[in-house]
Amino acid sequence: MNPTLSELEAQAGAPRAAFGGDAHIVCDNLVRIYKTEGVEVVALQGLDLLIDEGELVAVVGASGSGKSTLLNVLSGLDVPTAGVARVAGMDLLSMTAKDRLRYRREVVGFIWQQTARNLLPYLTARENAELPVRLAGRRGKGRAMELLDLLGVADRAGRRPGELSGGEQQRVAIAVALANSPQLILADEPTGELDSDTSEEVFDALRKANRELGVTVVIVTHDPLVAEQVDRTIGIRDGRTSSETLRREGAEGQVVAEEYAVLDRVGRLQLPRDFMNALNMERRVRLELESDHIGVWPAREEPSGEQ
Ligand SMILES: Nc1ncnc2c1ncn2[C@@H]1O[C@H](COP(=O)(O)OP(=O)(O)OP(=O)(O)O)[C@@H](O)[C@H]1O
(Lines give C-alpha, C1' and ligand atoms only; values in the text may rest on other atoms or scores of the structure.)
Protein backbone atom coordinates (compact mmCIF):
# COMPACT_ATOMS: atom_id res chain seq x y z
CA MET A 1 0.00 0.00 0.00
CA ASN A 2 1.33 3.47 -0.89
CA PRO A 3 2.12 5.73 2.08
CA THR A 4 -0.07 8.80 2.55
CA LEU A 5 1.35 12.30 2.25
CA SER A 6 1.25 12.81 6.01
CA GLU A 7 3.12 9.51 6.54
CA LEU A 8 5.83 10.63 4.08
CA GLU A 9 6.08 13.99 5.87
CA ALA A 10 6.42 12.24 9.22
CA GLN A 11 9.16 9.98 7.78
CA ALA A 12 11.08 12.95 6.34
CA GLY A 13 10.86 14.82 9.63
CA ALA A 14 12.00 11.89 11.80
CA PRO A 15 15.59 12.18 13.05
CA ARG A 16 17.85 9.96 10.97
CA ALA A 17 20.99 8.32 12.28
CA ALA A 18 24.03 10.04 10.75
CA PHE A 19 26.10 7.94 8.31
CA GLY A 20 28.63 5.95 10.26
CA GLY A 21 26.85 6.39 13.60
CA ASP A 22 29.49 6.21 16.30
CA ALA A 23 32.39 4.96 14.13
CA HIS A 24 35.74 6.39 15.20
CA ILE A 25 36.57 7.67 11.71
CA VAL A 26 33.79 8.69 9.35
CA CYS A 27 34.42 9.93 5.80
CA ASP A 28 31.22 10.54 3.90
CA ASN A 29 31.37 11.58 0.27
CA LEU A 30 34.72 13.25 0.88
CA VAL A 31 36.02 15.45 -1.93
CA ARG A 32 39.39 17.18 -2.19
CA ILE A 33 40.16 19.25 -5.25
CA TYR A 34 43.58 20.85 -5.69
CA LYS A 35 43.79 23.91 -7.87
CA THR A 36 47.16 24.85 -9.29
CA GLU A 37 47.57 27.46 -12.01
CA GLY A 38 43.94 27.11 -13.07
CA VAL A 39 44.14 23.30 -13.36
CA GLU A 40 41.94 21.24 -11.05
CA VAL A 41 43.00 17.84 -9.77
CA VAL A 42 40.31 15.83 -8.01
CA ALA A 43 42.37 13.83 -5.53
CA LEU A 44 39.38 12.48 -3.55
CA GLN A 45 36.16 11.96 -5.48
CA GLY A 46 33.43 11.18 -2.97
CA LEU A 47 35.30 8.78 -0.71
CA ASP A 48 33.31 6.86 1.93
CA LEU A 49 35.13 5.21 4.80
CA LEU A 50 34.21 3.94 8.28
CA ILE A 51 36.78 2.77 10.81
CA ASP A 52 35.85 1.60 14.30
CA GLU A 53 37.65 2.49 17.48
CA GLY A 54 40.57 0.13 18.11
CA GLU A 55 40.83 -1.12 14.51
CA LEU A 56 44.17 -1.72 12.78
CA VAL A 57 43.68 -0.82 9.13
CA ALA A 58 45.92 -0.46 6.08
CA VAL A 59 45.12 1.82 3.15
CA VAL A 60 46.68 0.67 -0.14
CA GLY A 61 46.50 1.94 -3.70
CA ALA A 62 48.53 2.91 -6.73
CA SER A 63 50.60 6.07 -6.75
CA GLY A 64 48.32 9.11 -7.13
CA SER A 65 45.19 7.29 -5.94
CA GLY A 66 44.69 9.75 -3.06
CA LYS A 67 46.17 7.94 -0.04
CA SER A 68 48.34 10.80 1.21
CA THR A 69 45.54 13.28 0.60
CA LEU A 70 43.26 11.18 2.81
CA LEU A 71 45.91 10.93 5.52
CA ASN A 72 46.55 14.69 5.42
CA VAL A 73 42.83 15.29 5.92
CA LEU A 74 42.61 12.83 8.82
CA SER A 75 45.68 14.34 10.46
CA GLY A 76 44.11 17.81 10.41
CA LEU A 77 46.86 19.19 8.13
CA ASP A 78 44.57 19.67 5.15
CA VAL A 79 40.90 20.68 4.87
CA PRO A 80 38.75 18.82 2.30
CA THR A 81 36.73 20.68 -0.33
CA ALA A 82 33.41 19.00 0.51
CA GLY A 83 31.83 16.07 2.32
CA VAL A 84 32.13 14.90 5.91
CA ALA A 85 35.29 13.93 7.80
CA ARG A 86 34.82 13.16 11.48
CA VAL A 87 37.31 11.65 13.92
CA ALA A 88 36.35 10.81 17.50
CA GLY A 89 33.23 12.94 17.05
CA MET A 90 35.23 16.01 15.93
CA ASP A 91 34.25 17.57 12.61
CA LEU A 92 37.45 18.18 10.61
CA LEU A 93 35.79 20.59 8.15
CA SER A 94 34.29 23.04 10.58
CA MET A 95 36.69 23.00 13.52
CA THR A 96 38.26 26.25 14.68
CA ALA A 97 42.02 26.87 14.38
CA LYS A 98 42.31 26.38 18.15
CA ASP A 99 40.48 23.05 18.08
CA ARG A 100 42.58 21.97 15.09
CA LEU A 101 45.76 22.60 17.07
CA ARG A 102 44.41 20.67 20.04
CA TYR A 103 43.29 17.87 17.71
CA ARG A 104 46.78 17.59 16.20
CA ARG A 105 48.47 17.66 19.62
CA GLU A 106 46.18 15.41 21.60
CA VAL A 107 43.88 13.29 19.44
CA VAL A 108 46.15 12.09 16.65
CA GLY A 109 49.76 10.91 16.42
CA PHE A 110 51.70 10.80 13.15
CA ILE A 111 54.54 8.69 11.74
CA TRP A 112 56.20 9.72 8.45
CA GLN A 113 58.03 7.56 5.96
CA GLN A 114 61.30 9.48 6.20
CA THR A 115 62.84 8.19 9.42
CA ALA A 116 64.73 11.49 9.84
CA ARG A 117 61.49 13.52 9.79
CA ASN A 118 60.07 11.81 12.87
CA LEU A 119 62.89 12.43 15.36
CA LEU A 120 65.13 15.31 16.39
CA PRO A 121 68.72 14.26 15.60
CA TYR A 122 70.36 15.89 18.62
CA LEU A 123 68.05 14.28 21.21
CA THR A 124 68.29 10.70 22.46
CA ALA A 125 65.47 8.21 21.82
CA ARG A 126 64.18 8.82 25.33
CA GLU A 127 64.36 12.61 25.07
CA ASN A 128 62.52 12.43 21.73
CA ALA A 129 59.75 10.35 23.32
CA GLU A 130 59.54 12.77 26.29
CA LEU A 131 59.37 15.89 24.15
CA PRO A 132 55.66 15.89 23.08
CA VAL A 133 54.59 15.48 26.70
CA ARG A 134 56.89 18.29 27.85
CA LEU A 135 55.63 20.55 25.07
CA ALA A 136 52.09 19.88 26.31
CA GLY A 137 53.22 21.12 29.73
CA ARG A 138 53.19 17.74 31.46
CA ARG A 139 55.85 15.46 32.89
CA GLY A 140 56.44 12.40 30.78
CA LYS A 141 59.57 10.63 31.89
CA GLY A 142 57.86 7.44 33.07
CA ARG A 143 55.57 7.18 30.06
CA ALA A 144 58.41 7.63 27.56
CA MET A 145 60.37 4.70 29.03
CA GLU A 146 57.22 2.55 29.24
CA LEU A 147 56.55 3.14 25.55
CA LEU A 148 60.14 2.44 24.49
CA ASP A 149 59.90 -0.76 26.52
CA LEU A 150 56.58 -1.79 24.94
CA LEU A 151 58.04 -1.26 21.47
CA GLY A 152 61.21 -3.21 22.22
CA VAL A 153 63.70 -0.31 22.11
CA ALA A 154 64.18 0.47 25.83
CA ASP A 155 67.81 -0.64 25.58
CA ARG A 156 68.38 2.04 22.91
CA ALA A 157 66.93 4.85 25.09
CA GLY A 158 70.26 6.70 25.43
CA ARG A 159 71.14 6.67 21.72
CA ARG A 160 70.58 9.45 19.22
CA PRO A 161 68.70 8.66 15.95
CA GLY A 162 71.97 8.54 13.97
CA GLU A 163 73.09 5.65 16.21
CA LEU A 164 69.93 3.60 15.56
CA SER A 165 68.95 1.34 12.65
CA GLY A 166 66.07 2.45 10.38
CA GLY A 167 63.66 0.02 12.04
CA GLU A 168 64.68 1.14 15.54
CA GLN A 169 64.21 4.78 14.52
CA GLN A 170 60.67 4.00 13.33
CA ARG A 171 59.87 2.18 16.58
CA VAL A 172 61.08 5.20 18.55
CA ALA A 173 58.94 7.34 16.20
CA ILE A 174 55.92 5.23 17.20
CA ALA A 175 56.75 5.93 20.86
CA VAL A 176 56.88 9.67 20.06
CA ALA A 177 53.53 9.46 18.26
CA LEU A 178 52.01 7.66 21.26
CA ALA A 179 53.52 9.97 23.88
CA ASN A 180 50.47 12.18 24.38
CA SER A 181 48.09 9.16 24.49
CA PRO A 182 46.36 9.90 21.18
CA GLN A 183 43.21 8.05 20.14
CA LEU A 184 44.46 7.55 16.62
CA ILE A 185 47.83 6.88 14.99
CA LEU A 186 48.34 7.67 11.31
CA ALA A 187 51.39 6.26 9.54
CA ASP A 188 52.33 7.29 5.98
CA GLU A 189 54.49 4.55 4.41
CA PRO A 190 56.24 3.88 7.73
CA THR A 191 58.23 1.02 6.22
CA GLY A 192 58.91 2.63 2.83
CA GLU A 193 62.63 2.95 3.48
CA LEU A 194 63.08 -0.42 5.19
CA ASP A 195 63.82 -3.98 4.03
CA SER A 196 61.17 -6.66 4.53
CA ASP A 197 62.48 -8.12 7.83
CA THR A 198 62.79 -4.69 9.40
CA SER A 199 59.36 -3.74 8.02
CA GLU A 200 57.87 -6.68 9.86
CA GLU A 201 59.38 -5.42 13.15
CA VAL A 202 57.76 -2.03 12.58
CA PHE A 203 54.38 -3.62 11.76
CA ASP A 204 54.74 -5.73 14.92
CA ALA A 205 55.33 -2.56 16.95
CA LEU A 206 52.25 -0.87 15.43
CA ARG A 207 50.21 -4.02 16.14
CA LYS A 208 51.42 -4.00 19.74
CA ALA A 209 50.43 -0.35 20.18
CA ASN A 210 47.02 -1.20 18.75
CA ARG A 211 46.41 -4.32 20.87
CA GLU A 212 47.90 -3.19 24.16
CA LEU A 213 46.94 0.49 24.20
CA GLY A 214 43.69 0.17 22.21
CA VAL A 215 44.72 3.00 19.88
CA THR A 216 43.18 3.02 16.38
CA VAL A 217 45.91 2.64 13.73
CA VAL A 218 45.70 3.61 10.04
CA ILE A 219 48.72 2.75 7.88
CA VAL A 220 49.12 3.99 4.31
CA THR A 221 51.37 1.73 2.29
CA HIS A 222 52.36 0.47 -1.15
CA ASP A 223 53.32 -2.88 0.35
CA PRO A 224 50.91 -5.48 -1.10
CA LEU A 225 51.89 -7.97 1.62
CA VAL A 226 50.52 -5.70 4.34
CA ALA A 227 47.14 -7.47 4.13
CA GLU A 228 48.72 -10.31 6.13
CA GLN A 229 49.72 -7.92 8.91
CA VAL A 230 46.47 -6.05 9.61
CA ASP A 231 42.79 -6.87 10.23
CA ARG A 232 41.44 -4.94 7.26
CA THR A 233 43.02 -3.53 4.12
CA ILE A 234 41.18 -0.78 2.29
CA GLY A 235 42.00 -0.33 -1.39
CA ILE A 236 41.71 3.17 -2.87
CA ARG A 237 41.37 3.74 -6.60
CA ASP A 238 40.94 7.12 -8.27
CA GLY A 239 40.10 8.87 -5.01
CA ARG A 240 37.45 6.37 -3.85
CA THR A 241 37.44 3.27 -1.69
CA SER A 242 37.21 0.37 -4.14
CA SER A 243 37.98 -2.83 -2.25
CA GLU A 244 38.45 -4.29 1.22
CA THR A 245 40.45 -7.31 2.24
CA LEU A 246 39.44 -8.88 5.54
CA ARG A 247 41.85 -11.10 7.40
CA ARG A 248 40.51 -13.87 9.59
CA GLU A 249 41.65 -17.17 11.00
CA GLY A 250 40.44 -20.27 9.17
CA ALA A 251 39.22 -23.46 10.88
CA GLU A 252 42.78 -24.83 11.09
CA GLY A 253 44.28 -21.62 12.42
CA GLN A 254 45.57 -20.55 9.00
CA VAL A 255 45.25 -16.90 7.96
CA VAL A 256 42.62 -16.35 5.28
CA ALA A 257 42.46 -13.01 3.46
CA GLU A 258 39.27 -12.42 1.48
CA GLU A 259 38.89 -9.51 -0.91
CA TYR A 260 35.56 -7.72 -1.34
CA ALA A 261 34.47 -4.91 -3.65
CA VAL A 262 33.06 -1.93 -1.74
CA LEU A 263 29.44 -1.08 -2.41
CA ASP A 264 28.51 2.50 -1.58
CA ARG A 265 25.16 3.73 -0.33
CA VAL A 266 23.72 4.37 -3.76
CA GLY A 267 24.91 1.01 -5.12
CA ARG A 268 28.13 2.01 -6.92
CA LEU A 269 31.03 -0.41 -6.97
CA GLN A 270 34.31 -0.54 -8.88
CA LEU A 271 34.96 -3.76 -10.78
CA PRO A 272 38.62 -4.79 -10.49
CA ARG A 273 40.48 -3.49 -13.54
CA ASP A 274 42.00 -6.91 -14.36
CA PHE A 275 38.50 -8.51 -14.33
CA MET A 276 37.26 -5.84 -16.73
CA ASN A 277 40.28 -6.25 -19.00
CA ALA A 278 39.96 -10.05 -19.02
CA LEU A 279 36.41 -9.82 -20.42
CA ASN A 280 36.92 -6.65 -22.48
CA MET A 281 34.33 -4.80 -20.43
CA GLU A 282 34.08 -1.10 -21.02
CA ARG A 283 31.48 1.65 -20.79
CA ARG A 284 28.49 -0.60 -20.15
CA VAL A 285 27.76 -4.07 -18.86
CA ARG A 286 24.61 -6.14 -18.69
CA LEU A 287 23.34 -7.11 -15.23
CA GLU A 288 21.10 -9.99 -14.35
CA LEU A 289 19.59 -10.65 -10.96
CA GLU A 290 19.78 -14.28 -9.85
CA SER A 291 18.38 -15.72 -6.64
CA ASP A 292 21.73 -15.42 -4.80
CA HIS A 293 23.98 -13.23 -6.96
CA ILE A 294 24.07 -10.61 -9.67
CA GLY A 295 25.60 -11.61 -13.01
CA VAL A 296 27.70 -9.04 -14.89
CA TRP A 297 28.30 -9.57 -18.63
CA PRO A 298 30.06 -7.57 -21.33
CA ALA A 299 27.46 -5.58 -23.22
CA ARG A 300 27.43 -7.54 -26.46
CA GLU A 301 27.95 -11.05 -25.07
CA GLU A 302 25.12 -13.44 -24.34
CA PRO A 303 25.02 -14.76 -20.76
CA SER A 304 27.41 -17.67 -20.40
CA GLY A 305 26.00 -20.99 -19.18
CA GLU A 306 26.07 -19.81 -15.60
CA GLN A 307 22.38 -20.25 -14.73
N1 LIG B 1 49.39 19.84 -3.24
C2 LIG B 1 48.90 19.34 -4.37
N3 LIG B 1 48.62 20.14 -5.43
C4 LIG B 1 48.11 19.64 -6.59
N5 LIG B 1 47.84 18.33 -6.78
C6 LIG B 1 48.12 17.47 -5.77
C7 LIG B 1 48.65 17.93 -4.53
N8 LIG B 1 48.82 16.84 -3.72
C9 LIG B 1 48.41 15.77 -4.43
N10 LIG B 1 47.98 16.14 -5.66
C11 LIG B 1 47.41 15.26 -6.70
O12 LIG B 1 46.32 14.55 -6.15
C13 LIG B 1 46.32 13.19 -6.58
C14 LIG B 1 46.40 12.26 -5.37
O15 LIG B 1 47.67 12.42 -4.76
P16 LIG B 1 48.13 11.66 -3.41
O17 LIG B 1 49.48 12.20 -3.02
O18 LIG B 1 47.06 11.75 -2.40
O19 LIG B 1 48.27 10.16 -3.92
P20 LIG B 1 48.97 8.91 -3.22
O21 LIG B 1 48.05 7.76 -3.42
O22 LIG B 1 49.35 9.24 -1.83
O23 LIG B 1 50.27 8.74 -4.11
P24 LIG B 1 51.75 8.21 -3.67
O25 LIG B 1 51.55 6.75 -3.34
O26 LIG B 1 52.56 8.43 -4.91
O27 LIG B 1 52.18 9.03 -2.51
C28 LIG B 1 47.48 13.04 -7.54
O29 LIG B 1 46.98 13.21 -8.85
C30 LIG B 1 48.39 14.19 -7.16
O31 LIG B 1 49.15 14.63 -8.28
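Visitor: Which residues surround the ligand, and how do you know that they belong there?

Guide: Bear in mind that this is a predicted model. A residue is counted if its C-beta atom, placed from the backbone, lies within 6 Å of the molecule. The ones around the ligand are Tyr 34, Thr 36, Val 41, Ala 43, Gly 61, Ser 63, Gly 64, Ser 65, Gly 66, Lys 67, Ser 68 and Thr 69.

Visitor: Which elements give two or more residues to that shell?

Guide: Strand S1 (25-36), strand S2 (39-51) and helix H2 (67-74) do. The largest share, three residues, comes from H2.

Visitor: How do the shell residues divide into nonpolar, polar and charged?

Guide: Three are nonpolar, eight polar and one charged. Gly counts as polar here, and Lys as charged.

Visitor: What makes S2 an edge strand?

Guide: S2 sits in an open sheet of four strands, in the order S2-S1-S4-S5, with antiparallel pairing. S2 and strand S5 (90-91) each have a single partner strand, so one side of each has no neighbour in the sheet.

Visitor: How do you know that S1 and S4 pair?

Guide: Two strands pair if DSSP finds at least two bridges between them. S1 and strand S4 (residues 82-87) have five, in the antiparallel sense, so they qualify under that rule. As an example, Val 31 has Ala 82 in S4 as its bridge partner.

Visitor: What is the strand order in the sheet of seven strands, and what is its pairing?

Guide: That open sheet runs S6-S7-S8-S3-S9-S10-S11, and its pairing is mixed. Strand S6 (108-111) and strand S11 (255-261) are the edge strands, as each pairs on one side only. On average, neighbouring strands are turned by 20° against each other, direction ignored. Strand S3 (residues 56-60) and strand S9 (residues 232-237) pair in the parallel sense over four bridges, with Ala 58 opposite Thr 233 in S9.

Visitor: Which strands does helix H8 touch where it packs on the sheet?

Guide: Helix H8 (residues 196-213) touches S3, S7 and strand S8 (216-221), and its direction makes about 155° with that of S8.

Visitor: And how is the chain divided into domains?

Guide: Domain 1 covers 53-82 + 92-261, and domain 2 covers 272-307. Their C-alpha centres lie 40 Å apart.

Notes
Residues are numbered from 1 along each chain as its sequence is written. This is a predicted model: local features need pLDDT of at least 70, side-chain atom pairs count only at pLDDT 80 or more; totals for chains, interfaces and linings use all residues. Domain bounds come from an automatic or database domain assignment. Axes are lines fitted to C-alpha atoms, for helices over the stretch in contact, and angles run from 0 to 180 degrees between N-to-C directions. Two residues are in contact if their C-beta atoms, placed from the backbone, lie within 7 Å.
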